[in-house]
Every structure is written in C-alpha cells, then in structure tokens.
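Please keep the sequence and the 3D view at hand while you read.

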Amino acid sequence: MTNQSRIRNFSIIAHIDHGKSTLADRLLELTGAVSERDMREQILDTMDLERERGITIKAQTVRLAYRADNGHDYELNLIDTPGHVDFSYEVSRSLAACEGALLLVDAAQGVQAQTLANAYLAVDAGLEVIPAINKIDLVAADPDRVAGEITNVIGGSSDDIVRISAKTGAGVSELLERLVEQVPAPSGDPDGPLRALVFDSYYDAYRGVVCYVRVVDGRLRSGFRLKFIATGETHDAAEVGILTPSVKPVGALEAGEVGYLITGVKEIDRIKVGDTLTDAANPARDPLPGYAEPKPMVFSGLFPTDGDDFERLREALEKLRLNDGSLMWEAETSRALGFGFRVGFLGLLHMEIVRERLEREYDLDLVATAPSVAYRVTLPDGSIREIKSPQDLPDPGSRISVSEPYVRAMILTPTEYVGPIMELVTTKRGEMGNMSYLSPERVELDYQIPLAEIVFDFFDLLKSRTKGYASLDYEPADYRTADLVKVDILLNAQPVDAFSAVLHRDKAADYGKTMTGRLRGLIPRQMFDVPIQAAIGGKIISRETVKAKRKDVIAKCYGGDVTRKKKLLTKQKEGKKRMKMVGSVEVPQEAFVAALRVDDDT
Amino acid sequence: MANVDVHASKAATYVHIPFCSAVCPYCDFAVVAGADDRIDRYIDAVVAEIELSDPWRVLDAVYFGGGTPSHVRPHLLGRILAVLRAHHGIANEAEISLEANPEDFSEERADELLGAGFNRVSFGVQSFDDVVLARLGRRHRAVDIVSSVDKARRAGFTNVSVDLIFGTPEESEKSWASSLQGAIDLRPDHVSCYALTVEPGTPLQRDVRAGAAAPDPDVQADRYELAERLLPMAGLERYEVSNWARPGQECRYNLVVWAQGEYEAYGNGAHRFLNRVRSHNVRRLDAYMDRVESGLRPIAGADPIEGWDVEIDRLFVGLRRSAGVGTGPGVESLIETSGGQMLLREGIIEVAGGRLMVRRPLLTDEVHRQVLDLDPPQGWVESTNPDNL
C-alpha cells in the first residue's frame, strides 16, 4: 500500500504528432516499466489506426515506479487521454482522474488549437499544468518563441518551462522531477465510503468490459459488491488490478490509486464513462461530479454500396460499439441509397475513424451522406423535437422555429492569415469573440460558429486559405434559432432523400445550384428530358435538365447479329435492373455515390 | 406497305465470303485480308459444307455477304450458287444478292456476276466525301462509285443498293448531305444508312481509346434525321431502322430474317435459324476449313428458341421494321409493364391496326431491352402462341 503522498496522477496533453506517445515510451523506459529490449515503439497506442494516424482513440493508463532525487519511491500513474476534441468528454473524464498534466508542445510548430482546447480543459479541471517543450533536437526548433506562446496561454515564466527531446531522452529526467515536485498528491479520504471514477473502458473478448478507475475515497477491494451510481446497476468486483503496463491483479486499489476493474459485464454501454462506483454495502452519498451521457454531435447516413452488405454493416457497427459506447445508430432507408443506418458521431474525426474502420477492418464499401447536425425544432404545441436527419425536418407550416448547435471554435494562426480567416468565418455565419496574441507572429481567434458550417466544409476551406498553417478546435456551445430551410433535390419531380439538406436560407441557392449541376453531369440520359430541381418547400430555386437520349440503337441487326445483339441488350438490361428507380428515372447508384463523394475531394 | 410477315414462310440462305483486300478499321466481322491464296480452298469448303447439310427447301433469297464477295472471282461464287441450286433448289424469281466494293467492279466482272445468277448488288459506298472515305480506310474514292454503279446498271443489274456510313467524326453536316445526295443521284433501288459504331476489338476502338474523336450520338441523330427527310423525297421509303427502298425492292433475304423466317447459312462465322434453333459456324477461317474437310459440320454454338422465347424472339427480330410486329402475347405483356407504359407515353412505340410499331427508330434498343425482359402475360400457355413456322 502506497501512501497517498507518494502518488502522482497525471496526463500528457499534446497536439497530434507533438510527441505524446514517444514521451510516454521514454517514461516507461526510464522508470523500468518496460525494458528497452521489449520496447515497441509507442507502446501505448495499440490500435493500428491509432499508430497510423498518430492519434490515441482509447485512453490507456500505466503505473510507473519512480525513485526521485529526494530518495523517495513514488507511484506515478500516467493516464493517457485522447488527443482530439471530438472526445472532449472522454478527455475531461481522464483529466478528472488526475491532479496534474504535462502540456507538451512541439518546439517547431508551437501551440496548436488542440493543445489549447485541452490545456483549458486541464486548467478548468483545476490541474497543475507543467509545460514542456519537446523536439528541441529538431533543426527547426525555436523553443524561445514557443516558450513565449505557452506563457501567453497559461501564464508563468518562460524560464520554468522544461525543454526536452522525448526522442533522445534529453530533459526527461528533469521533467519527472518536476512532476513529483509540482503535481499535488491525491487528497481523498482513505477511510471514507468508496468513491471511484470510471474514466474509461474497453471491451475484451475474454474478460468482457474492462474499466479504468481512479479511486478517490476509500478502498476498492476485489470481491466487493459495487454500485454504479449513474446507471444504478450493481456488479461484483471480479478482479481489480494495475497496468505496469502488463495486467497485474491486486487485492485492492487504495484512495488515490489508478487501476482496472473487471465485473463480468459484457455490454460496454452498461458501464458509463464518468460514472461513480461505490460500495453497495456502504454506499457514498454523492457521486463524483461531471458525469454526462456521451452525446453525438454529427450525423451521417452510412449505406453499403452493395445492398447485400446491409447485415454485414450492422454486425460491424455492433462490433465497433463493443469498444465505443458513444457510437449510436438507427436504421435508415433511402430511396437513392437503399438500406443503411443514420449514425451519430461525437465529431468529424470520430466519424472519419469509424468510417475508415468499417471499410478497412470489416472490408465494407460504404457511401456516406453529407454530415449533418442535430436541429431542435419547436413545434406549434410548444414541444421541442430533435431532428437528426434533414428529411425529418417538418414543413415551415408545422413548426414555430428551428435552432441549431453552435460551437466555440478556437483557431490558431500565423497573423498573416487573420484577414482571410475573418472573411471565411463571416461567410460561415461565425461571430468573432476574443483575439489574443500568443506571440507577435501567432494569434488565437475565438468564434461562435454554427456546427453545421464546421461539418460542411470549414476545415477544408480553413486549410486551403491558410496553406495549412492554421489549426482549429471546437467545443459545443449553445443552440441558436436561425432562418433554416430544408432544400430538397428533385429528380423528375421526385425528391431524392440522400441530397436533402438543412441550410441557412442564404446558403440554399448555392447548395441547390451545386447539387443540381453535379447531378446533371452524373445522371445518364433517359428516354425523356429529366428535370433536376432544388426546391425549398414548393418553391424551385434552381433547375437543370438532363436532355433525353436521341440515339439508342445499334446500326445493324441482320441474320448474323440476332443472337449477339440479343445477348448484348440483355446484358444492358441486367445492368439497368441494378439501377435505382426514382419515379421512372433510372439512376446508377454510382451516380448518387459520386454526387455525395465530390465533397471529399474539394 | 405489303404484309411483311409473309416472309416468315420464305426460305433464305446466307453465304459468307470473308476475303477483303484490306480490313476497314471499324469492321468487326469475320474477315481476312491478304489471304487470297486460301480462296480456292475456302470455296471448296463452302461447297463441302452445303453438301454436308440436309437438303432443305427451294430458296427464295440467297445473300452473299462478307468480307467482300466481289473480291472473289465471280465464277467461284457461281460455283457455290450452282451447288445450292443442286442441293436445295433456287426459285426462279429468287433474289440473289451480293455485297460489292466499288473498286472491284469492272464491266467484265459485272457481266460475269450477272451470268453466275446474281440479280442484286449492294455497294459498300459509305460516303461521297474522300476525307471520310480515307478515315474509314476505304480503298475507293467518290469518283469510283458513280462508274461502278453505272457498270452494274449497264450490265443489267436491276436491283442496286448502296450502303452509307454516317457520323464519322471527320464528317460535316454538309458532307453527309452531299453523300445522301450523291446516293440519291445514283437512283438506287435500296439504301442502307449505318451510324459509325466503335466495336470492341477494332482498330477504331484502339484509336478512340488513344484519344481519337469518337462518334457523337447526338450528331449521328442529326445525320439520321437528315436521311429520314431526304430519302423519302427520292422515293425511298424506310422499312427498317437502317434501310430504305423503293416499294417492292426491299431486301428479301433480310425480310425473311426480320419476319422470324428460317434461313440456312454457310461459311465461317455464318449464322442460321432452322427448326427453332439459332446456330452459328466456327468463326476462324482455318478452323472452319479444317472442320469441314474432316467431314464435320462446322457448327460452333446453338441456341434453341423455345416456349415463351419464341414470342420474345419474334418481337426482337421484327420490331426494327417500320411495319413493326403483329400484336400477340408479347405485345400484350409489354404494354402492361411500367417500361412499356413509358415507351407509349413518350411516343416511342405505338399500338395501332393490330400492330406494335417503333415510332422513334433511333430509340429501338430501349424497346428491345424492355422486350427481352418480358414475362408471359397471365394465363399464357405455349400452345396459344401463334406459330409462324
């Protein structure tokens, strides 16, 4: 049993590629948790996708034994956090398990929007933030400038910032010493009723749900009957243990400690991240603060390009959910795309990761509709309905108002791009908030902006207008009423659901023009003229026409051609049977897919 | 027009002559150039194939196609005709037709062909524009056309047809108009107009894939419509998608095919329809000859047309005719489908006077696709199917 005064619980906060995983590896090595020989690069990132994209999706945790220069032995618990704001709730729960955070900033790239977002979360959570500048061995490193940026964000003095190279190990020992000195020890009541925070969980095929927990008060003993306060469920503590990083069962976790808990529960959504568990026999009165249900922010229809894959898609989603309780979906039927699912995601990155995993790990070929957000519609009877799919938006006559989610967007940019960004944000209905200089060359811009604009094409436009130098992060803000309309795309007077979109009235004409133009180029000519229209309610806002085919006949059909031509035309007919019928218009699914995919390229 | 379906009871025969002086870049038929040393052996093989086949009916129409039948010395073609006459019999008024290239047609050849028994000649004119002729890889020039048709007429051919190809990317509207006028000025009995088609495996397809201009279907539609306007003014009535004739001068061999009549066929790659089976010969020249020389019939494949397919087949071969097809269970079924309804609504087909007709010939393939997909109407049984055979 370790005295709480010798425990330090901390996270590392860093932008993608600023070296978080490398630093974690170095810490493991320095504390002897993993021998150099066993060292696999970036040991904490276990999923292929994580390693490839340089991001951490599921938090992991590890206990390190460290003898400090003062001669005392310390138990350091490194609690890994997802690096992206899509997972800000998960980040906040991980941070809630810590007393301190290492803020790691790349010596060349400097502070990025994500760094900021997570640093603010850490500060808000009352954590002791220890800044460090990484990659000082790089030729392009400019640690003095970066130190200035950091102090502009979190205060303090540039001289106090540790400069390290996680790659070479330079400065890492000093950082460990800082950690022991500056991060406060846990201060829970070791003798009170048990309160432990579930700050993460994952699904193991053999063990079921494995929870990561931080004991705040009391003691979590193997064999306890546990009560989960938010869900109200009780489960036995079948196994309690620590990660060193290999799994090591222990009899109990004491106040201030971090470890894992296995209860035998198989369904990941029965145990909620952020929940407080307590002793069912001697329950604590109040849960730990901060619990929330994961809330999808971005929605997209996912359809298998081959209709036969519908069941496979369902199974794949279910498998993904074993490890991702935030993934939610409902079945959706589209006239254009067939059977699929409307899937809710925490954010754009989450969406991309899920799509990529579905395609890569489950070998599915998918079409995704343009991402949308959840609108809140006030109905005439005063009730509020949440709309996750544009098709569900009631007609103007059947609603009082529509409001949309806003986010607080933080953009960090070299000063030279401030003009183009302000222009962009204005066209995206953003409202300027604070503007603060991190250094003479770099500035942080704060905006309130509709999430719908962010998910539409804001990222791409920001990237292209700032040559990739600006970084963006956002967090949910409030809902605001706006003049929103539903634009339908009609093919020969029949609406094509996959292209319906909820947009601000000012953007409707552009959308209509783009989509009708795009479809005109993709829909094959028919036996008759096919009008493609964009409409708001009954009002047509743009129109294109796919002109009727004029010639569809083979030149010759003589005695020698009969069998061959018959076969050729039968084959063509079979091809047509695979087309989707929109009214009497035959459209190859590829046309719809292409119309939806163009967004990916712009 | 006269009842086109009477041709269902006529007997026709096709003879394939694969030899050419050069292969045109758009051609995907069973043809061969530079193989003149094999002509004699081939003629022997065709003769042998005729003798291997069951004696059939007295022929009402014989059609020598190719390749280039006129590339072969007339007496060899005459020999085949003589064997056909001895084996099956040829009716006195039979149409005996051959395809010819203008450059092959000397006065002497014209006389010999007439003497061999031919009474109809179909010239591969293609265009009166030398630029287009060159692009099509043709060996003749506009000036050759007039003289060869003249020779045929003077020798005594009373039934002369010319083939034209439209929609070559190099062809202008004016060029096509003058080709049509050039053809009309020959006072032909029959004109065929074909849209240039990029067939798989042809040099033309390779060119197009390499970036050469491809025929534009809308331009081809314009060209076709011009033919539809000009040819009738010269007394030539359209009786099939690509064929116009003076009334009574329609190609009888083809009328038999389109009326779902039976036709025998000889030569490499030749197709026949006999006893409700559509079958075809070995396509490769040497393989064909080897086969026949071993005393075997050179049939490479056969598709029996049975049950409901007989009705589908009747519509398939018949619908390209202006006169269309007589109504029956297939037509009944077609107009019940949503596709058939669309065709009616768009004026692409019409049912009138007990017949189903394609009113917009340029869209015939869509009609065909719908037809090929038809199911028998409710309560259909095979015995109720009108049997033309």
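The structure is a predicted model, in which local features need pLDDT of at least 70 and side-chain atom pairs count only at pLDDT 80 or more, while totals for chains, interfaces and linings use all residues. Residues are numbered from 1 along each chain as its sequence is written, and chains are lettered from A and ligands numbered from 1 in the order in which they are written.

Leu274(B) counts as partly exposed because it has 17 C-beta neighbours inside 10 Å; a residue is called buried if 20 or more other C-beta atoms lie within 10 Å of its own, exposed if 12 or fewer, and partly exposed in between, with C-beta atoms placed from the backbone. Leaving aside neighbours within four places in sequence, Leu274(B) is in contact with Glu262(B) and Glu264(B), where contact means that the C-beta atoms of two residues, placed from the backbone, lie within 7 Å. Although Leu274(B) and Glu262(B) are 12 residues apart along the chain, their C-alpha atoms are separated by 5.3 Å.

Further along chain B, Val325(B) is found in strand β15, residues 325–326, and is buried because 26 other C-beta atoms lie within 10 Å. Not counting residues up to four places away in sequence, Val325(B) touches Arg314(B), Leu315(B), Gly318(B), Leu319(B), Arg355(B) and Leu356(B). Ser178(B), by contrast, is 147 residues from Val325(B) in sequence and 34 Å from it in space, C-alpha to C-alpha.

Some points of the backbone also deserve attention. Gly66(B) and Gly67(B) are joined by a cis peptide bond with an omega of about 15 degrees, and Gly67(B) lies in the loop between β4 (59–66) and α2 (74–87) of chain B. Gln126(B), in strand β6 (residues 120–126) of chain B, has a positive phi of about 70 degrees although it is not a glycine, and it is buried because 26 other C-beta atoms lie within 10 Å. Ala493(A), also not a glycine, has a positive phi of about 75 degrees and is found in the loop between β28 (484–491) and β29 (494–495) of chain A; Ala493(A) counts as exposed because it has 12 C-beta neighbours inside 10 Å.

Chain A also holds helix α10, residues 451–465, whose 15 residues reach 19 Å from the first C-alpha to the last, close to the 21 Å expected at 1.5 Å a residue; the expected span is 1.5 Å times one less than the number of residues. Helix α10(A) has a kink of about 65 degrees centred on Asp457(A), the bend at a residue being the angle between axes fitted to the seven residues ending there and the seven starting there. The buried residues of α10(A) include Leu451(A), Phe456(A), Phe458(A) and Leu462(A), and just after the helix Lys467(A) takes a positive phi of about 50 degrees.

How is chain B divided into domains? Its assignment gives domain 1 (4–257) and domain 2 (309–384), with bounds that come from an automatic or database domain assignment. The C-alpha centres of these two domains of chain B lie 29 Å apart, and 9 residues of domain 1 are in contact with 9 residues of domain 2. On the side of domain 1 that touches domain 2, α8 (217–233) and β9 (237–240) of chain B each supply at least two residues, and β9(B) gives the largest share, 3 residues.

Finally, the contact between the chains takes 36 residues from chain B and 23 residues from chain A. Among the elements of chain B that give two or more residues to its side are β8 (190–195), α9 (252–258), β11 (262–266) and α14 (364–372), and the largest share, 6 residues, comes from α14(B). The residues on this side of chain B divide into 18 nonpolar, 9 polar and 9 charged; Ala, Val, Leu, Ile, Met, Phe, Trp, Tyr, Cys and Pro count as nonpolar, Asp, Glu, Lys and Arg as charged, and the others, Gly among them, as polar.

Terms used
Helices (H or I, at least four residues) and strands (E, at least two) are DSSP runs, numbered from the N terminus.
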